[in-house]
Amino acid sequence: MTDTAIDPTVTARTVTTRTVTDPAVADRLHLLPQTNRLRALHTVIRDRDASRADFVQTSAQIFRQLLDTALDLLPVVPTPVRTPVGQTYHGLRPAAPVCGVSIARAGESMEGELRAMLPQTRIGKILIQRDKTTKLPHFHYAALPPDIATSQVLLLDPMLATGGTALAALGLLREYGVFEEDIVFVTLLSSPEGISAVHARYPRVRIVTSAIEERLNADAYMVPGIGDFGDRYFGTDQPR
């Protein structure tokens, strides 16, 4: 599992424009509506002086929006039910089991909201660490349900930067037999470079994100960015 080349011609402006104007891209890239409410939430988590409590609580509110959007993309089947007044409601239910897969450690921050929405959902884990010097991903560990290939998979990671970690995780899911079209990658922030990298190799994987950043800087951090999400969420960027 290695990193992939990044298309230098892709920018935040072109990705955002394609989201609106190109139906083929719009089917694969789902940007949350940029409402005043969402921008207010982003203002909190992007503030470097935000308390850890505010950062965690506000992130959870955005995760709920992301997961709602991701779940709405999954296939359903008609399910009629009888109401308490003896009438039929022509409802829907998921066509296949939903499985969350978090990329440790930052992806674990999204598990609580998914469990609250779908308590019966199983959650697998993948540990992939990015080398701080080369920026390349290194696979360390995975714990996935043996029948994950028959599930709709929500791949959870708050950050899509270079795309290297996402590609390594997607490659592992493919090895387990999960089809591209059965994977929705749910992420808080995305860079144009990361989006391009994922769709260059896995064009049928859908991405749900709350923001598309301007670019990556020389240290592969997104700009304007949020810093290291895992450190800020779990408090490992602060002294005791």
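Of the 240 residues of the protein, 48% count as buried, where buried means under 20% relative accessible area with a 1.4 Å probe and protein chains only. The model is predicted, and local features need pLDDT of at least 70, side-chain atom pairs count only at pLDDT 80 or more, and totals for chains, interfaces and linings use all residues. Residues are numbered from 1 along each chain as its sequence is written, and side-chain values use heavy atoms, with hydrogens and water left out.

The protein has eight helices and 12 strands, which are DSSP runs numbered from the N terminus (helices H or I, at least four residues; strands E, at least two). Helix α7 (residues 192–201) is largely enclosed by the rest of the structure, because eight of its 10 residues are buried; among them are Pro192, Ile195 and His199.

The largest pocket holds about 820 Å³ of space. A pocket is an open set of points on a 1 Å grid over the protein atoms alone, where a 1.4 Å probe fits, with protein on both sides within 12 Å along at least five of seven lines, and lining residues have an atom within 4 Å of a point. The volume is the space filled by probe spheres set on the points, which are joined across faces, edges and corners. Of the 31 lining residues, Ala106, Ile128, Arg130, Thr165 and Asp228 are the closest to the centre of this pocket. Strand β5 gives the most to the lining, with four residues.

The table lists the elements that give two or more residues to this lining.

| Element | Residues |
|---|---|
| β4 | residues 98–104 |
| β5 | residues 122–130 |
| β8 | residues 159–160 |
| α6 | residues 164–175 |
| α8 | residues 229–234 |

Technical notes. Buried means under 20% relative accessible area, exposed over 50%, partly exposed in between (1.4 Å probe, protein chains only).
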